[in-house]
Amino acid sequence: MKKLKASKYFVKGKNGIGYVSSDFQEHFSSTEFEVPKKLKLETRVLEKNMNDGEILKEFQPKESTLGELAWALGNDKLSKNGYANIFYIRDEKNTLWAVSAFWYSSYGDWYVSVGSVASLD
């Protein structure tokens, strides 16, 4: 598989992406990743508002990779209902981040951002 660099893939105007947060760029731009050929996504719809700590505790989601996020964006497998699709991904320093992708229907593209899950208490 071909290795891709996040700073070249997750870019405004490429791969259906309309916005990439500066925090995402700061924490993932130097990361290299591979896009899997196939992937089975595990999805859940939250029945109530929850923060990342509550999501991680209650659902114990499998950690993802940038490659899996790229696959999901490229294969139209994410919800486009205006709510965030959250992937829990570690950066090169092994810090876990909540990486969100949500569909901005007015512009017809994805917004990708990242939030810290460091202080979950």
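Reader: Hi! Where does Asn-85 sit?
Author: Asn-85 belongs to strand E4, residues 85-90 (a strand is a DSSP run of E, at least two residues, numbered from the N terminus). This is a predicted model, where local features need pLDDT of at least 70, side-chain atom pairs count only at pLDDT 80 or more, and totals for chains, interfaces and linings use all residues. Residues are numbered from 1 along each chain as its sequence is written, and side-chain values use heavy atoms, with hydrogens and water left out.

Reader: Is Asn-85 buried or exposed?
Author: Asn-85 counts as buried because its relative accessibility is 11% (buried is under 20% relative accessible area, exposed over 50%, partly exposed in between, with a 1.4 Å probe and protein chains only).

Reader: Switching topic: how many residues has the largest nonpolar core?
Author: It has 24 residues, and Phe-28 and Val-99 are among those with the most contacts inside it. Such a core is a set of buried Ala, Val, Leu, Ile, Met, Phe, Trp, Tyr and Cys residues joined through side-chain atoms within 4.5 Å.

Reader: Which element gives the most to this core?
Author: H4, with six residues.

Reader: And which residues does Phe-28 touch?
Author: Beyond residues up to four places away in sequence, its contacts (heavy atoms within 4.5 Å) include Leu-66, Trp-97 and Val-99.

Technical notes: Helix = DSSP H or I, 4+ residues; strand = E, 2+ residues; numbered from the N terminus.
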